[in-house]
Every structure is written in C-alpha cells, then in structure tokens.
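Please read them with the structure open.

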Amino acid sequence: MTTTPARTTPDQGAPDPAGPVRSETAVDGPPAPRTARFMPFLERYALLLLLVLLCVFFSAYGPTSETFPSPANLRNILGNEAVIAVTALASIIPLTCGQFDLSVGSVVGLSSIITASMAAEHDLPVAVAILLGVLSGCVVGLVNGVLVAKIGVNALIATLGTSTLVAGLISLYTANQVISIGIPESITALGSGTWLGLPRTVFSLAVVALAVYYLLTHTPYGRYLASVGVSPGSARLVGLRVDRYVLSSFVLSGALAGVAGVLLLARAGTANPQVGPGFTLAALSAAFLGATAIKPGRFNVLGTLLGVLFVAVSVNGLVLAGAADWVQPTFNGAALLVAVALSTAIARRRAGT
C-alpha cells in the first residue's frame with residue numbers, strides 16, 4: 001500500500017527500479033511559469049522549512065524561549081528520538097516493498113525485555129543478551145513475512161495480530177513488572193553518555209541510517225524492493241521473486257526494531273513491558289511525513305529523519321509551553337493523517353491521476 005507512483009518501461013510494462021518518471025526530453029514552447037518551477041523545490045523542502053520556523057518560533061516564544069534552545073534540551077530531544085528514528089527506519093523497509101508493519105512497536109518492547117532479562121536475570125554476557133534481543137525481532141519479522149508472503153494474509157491483519165500476540169507474551173513473561181535491577185552499566189552507558197557533546201544513541205542512529213540509506217538506494221536489492229512496492233505483478237513478469245523480497249523486508253524490519261529496543265533499554269535504564277506498542281504510531285507518522293519531503297512520493301531515509309525531528313520538536317515545544325499530556329498522542333495521530341493525505345496527493349499528482 002505504498003504511495004510510490006508507478007513507473008513502467010514502455011516495451012515491457014515492467015517497473016523501473018530507478019523510480020518515478022522524469023522526462024529529460026527538450027520540449028518546444030513557452031517556458032513553464034515561475035510558480036510551476038518553484039513547486040518541486042517547495043515539495044522537497046517544505047517540511048525542512050517548517051522545522052526551521054518551529055525552532056525559531058519556540059526559541060523566541062516567551063514561555064519556551066529560555067528552555068527550548070538550551071543545549072540540555074536539544075541533547076534530550078536527540079537522545080530520546082534516536083529510538084523512534086530507528087523504529088521509523090525499520091518501518092520504511094516493508095513500506096518500500098508495499099507492506100505495512102504494525103508490529104514494530106511491540107518488537108521494540110520485546111527486544112528491550114529480552115535484552116534486559118538475559119543480562120540482568122540470567123547473567124548472560126552483554127553481547128549475547130543484545131544479540132538475543134535483536135534476534136527476537138528477526139523471529140517476529142520472519143513470522144510476519146511467512147504470513148504475508150507465503151500464506152497471503154493481509155499485512156495489516158498479520159502484523160496487527162503479531163503485535164497483539166507479542167504484547168501478550170511480554171505481559172505473561174514479565175507479569176507486567178518493570179525490569180530495573182541488574183542492568184549492566186555497559187548498556188546504560190550507551191544511553192546516558194555523550195561523544196563530542198552528542199548523546200551516544202545519536203551515533204548508533206547514524207550508523208543505522210547510513211546502512212538503510214545504502215541498502216535502499218545503492219544496492220540492487222533496494223531497487224528491486226522498490227520495484228515490488230510499485231507493481232508486484234510487473235515485478236513477477238520480469239522474474240523477481242516477490243515473495244522473497246516481501247519476506248526479507250519484514251525480517252529486516254524486525255531486526256532494526258530489535259536494535260531500537262536495545263537503544264530503548266540503554267536510554268531508559270529499565271525495561272518496561274508497557275512502552276513498546278506506543279512507538280508504532282510515532283514511527284509510521286515519521287515515515288509518512290518523510291515521504292512528503294526530500295524525495296516526495298517515496299519513503300526515504302533523509303525524509304524519515306526529518307519527519308522524526310519535526311514531530312519531536314513540535315511536541316517538545318508544546319510541552320514546554322505548558323500543553324497537557326494528551327498533546328503528544330494527539331499530535332502523532334494528526335501528523336499521521338496529514339502525512340498520509342499529503343503523500344497520497346503527491347503520488348496521484350505525479351502519476352497524473
């Protein structure tokens with residue numbers, strides 16, 4: 001259900017992995033109006049301009065002018081949003097393939113619980129505990145992939161079911177108790193320490209973002225994944241194993257959500273069985289907001305990171321201004337609705353429908 005517009009080669013009817021059509025043929029006639037030439041620039045950078053305007057506003061607005069631009073607040077935003085950003089990057093892999101993954105939030109919670117339990121309660125080495133946390137995400141992703149790619153279950157239903165199942169199993173395993181004792185310092189140091197004045201989780205996010213960016217834009221796998229998302233039928237006609245790409249996209253999504261769970265544990269210093277599912281909406285909001293920026297109509301890494309920052313700065317500024325607790329979930333929901341509407345409109349306009 002990606003909003004990426006279709007591009008087909010005229011002679012084969014197959015999708016071009018490079019993306020939407022962009023004619024380079026010179027066309028005679030009067031030059032395009034200035035507003036028409038300005039629109040592509042506005043589409044690419046409108047979200048970035050809004051983010052800058054928000055930062056300027058909250059830095060100058062009376063109730064937030066002292067706290068918002070402070071280095072401590074900015075470090076807090078970057079450190080906290082690293083978990084959501086990695087979760088959002090996890091969600092754009094199946095979205096690129098045309099599939100929703102509603103289980104990413106539950107996987108974040110599962111990975112956090114598994115890592116904390118293995119290290120604190122079973123005394124396993126930290127590296128092994130982290131590996132098991134990430135592997136738990138891969139297992140959930142594999143289940144999602146088999147349900148969707150092999151059995152043909154709708155992705156929304158399959159991932160909603162696994163999300164609910166995982167949340168129930170977490171509740172059973174932990175008896176709804178927070179794991180807070182015995183978390184190794186080597187894990188919490190990752191979330192509380194800084195390098196070059198920035199939270200260490202930001203550097204982890206940078207590594208994940210570069211890896212996803214390279215995977216989606218500089219490898220045949222990424223281009224084929226986009227082709228499957230644009231038109232699965234045409235992808236089959238040119239010989240692509242659509243089921244394998246769909247399945248692998250869910251496994252990769254689960255693995256990255258598992259990494260986000262480890263970062264959540266490092267940042268919080270505890271593993272709370274209740275917090276995981278809440279990341280799903282924030283991640284999808286950022287992913288769809290990102291599809292309206294930098295490369296409008298496509299799920300892309302830079303746009304997704306921009307979407308995360310936009311939502312984070314907006315909510316942080318509103319909270320500092322004295323807004324109530326209901327502001328954050330309400331803003332995330334509104335951002336998701338607006339982002340989906342905008343990305344759909346952009347895709348339709350580019351497709352000429």
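1. **Ground rules.** This is a predicted model, in which local features need pLDDT of at least 70, side-chain atom pairs count only at pLDDT 80 or more, and totals for chains, interfaces and linings use all residues. Residues are numbered from 1 along each chain as its sequence is written, and side-chain values use heavy atoms, with hydrogens and water left out.

2. **Overall make-up.** The chain holds 13 helices and two strands. Both are DSSP runs numbered from the N terminus: helices are H or I with at least four residues, strands are E with at least two. The chain has 353 residues, and 48% of them count as buried. Buried means under 20% relative accessible area, exposed means over 50%, and partly exposed lies in between (1.4 Å probe, protein chains only). Take the contacts between residues at least 6 apart in sequence: 76% of them join residues at least 24 apart. Contact means heavy atoms within 4.5 Å.

3. **Helix α10.** This helix covers residues 242–268, 27 residues in all. From first C-alpha to last, α10 reaches 39 Å, close to the 39 Å expected at 1.5 Å a residue. That expected span is 1.5 Å times one less than the number of residues. Is α10 mostly covered or mostly open? It is mostly covered, with 20 of its 27 residues buried. Just after α10 comes Gly269, with a positive phi of about 80°.

4. **Ser249.** This residue lies in α10. Ser249 counts as buried because its relative accessibility is 0%. Which residues does Ser249 touch, leaving aside neighbours within four places in sequence? They are Ile93, Pro94, Cys97, Tyr221 and Leu225.

5. **Ala82.** Look for Ala82 in helix α2. It has a relative accessible area of 0%, so it is buried. Apart from neighbours within four places in sequence, Ala82 is in contact with Thr201 and Leu205. Ala82 and Leu263 are 181 residues apart in sequence, yet 7.9 Å apart in space, C-alpha to C-alpha.

6. **α2 against α12.** Axes are lines fitted to C-alpha atoms, for helices over the stretch in contact, and angles run from 0 to 180 degrees between N-to-C directions. Angles under 35 degrees count as roughly parallel, over 145 as roughly antiparallel, 65 to 115 as roughly perpendicular and the rest as oblique. The crossing is right-handed. That label applies if the near helix is turned clockwise from the far one by less than a right angle; anticlockwise is left-handed. On the α2 side, the residues in contact include Ile77, Glu81, Ala85 and Ile92. Among their partners in α12 are Thr304, Val308, Ala312 and Asn316. By class, the contact has 13 nonpolar, three polar and one charged residues. Here Ala, Val, Leu, Ile, Met, Phe, Trp, Tyr, Cys and Pro count as nonpolar, Asp, Glu, Lys and Arg as charged, and the others, Gly among them, as polar.

7. **α11 against α12.** Helix α11 (residues 278–290) also packs with α12, at about 125° and with axes 7 Å apart. The two are therefore oblique to each other. Their crossing is right-handed. Ala286, Ala287, Leu289 and Gly290 of α11 make the contact with Gly303, Thr304, Gly307, Val308, Phe310 and Val311 of α12. The count is six nonpolar, four polar and no charged residues.

8. **α7 against α8.** Helix α7 (residues 200–217) and helix α8 (residues 220–230) pack at about 70°, with axes 5 Å apart. This makes α7 roughly perpendicular to α8. Leu215, Leu216 and Thr217 in α7 meet Tyr221, Gly222, Arg223 and Leu225 in α8. That contact divides into four nonpolar, two polar and one charged.

9. Most residues other than glycine have a negative phi. Ala175 has a positive phi of about 55°, and Asn176 has one of about 60°. Ala175 sits in the loop between α5 (155–174) and α6 (185–192), and Asn176 is in the loop between α5 and α6 too. Asn176 is partly exposed, because its relative accessible area is 41%.
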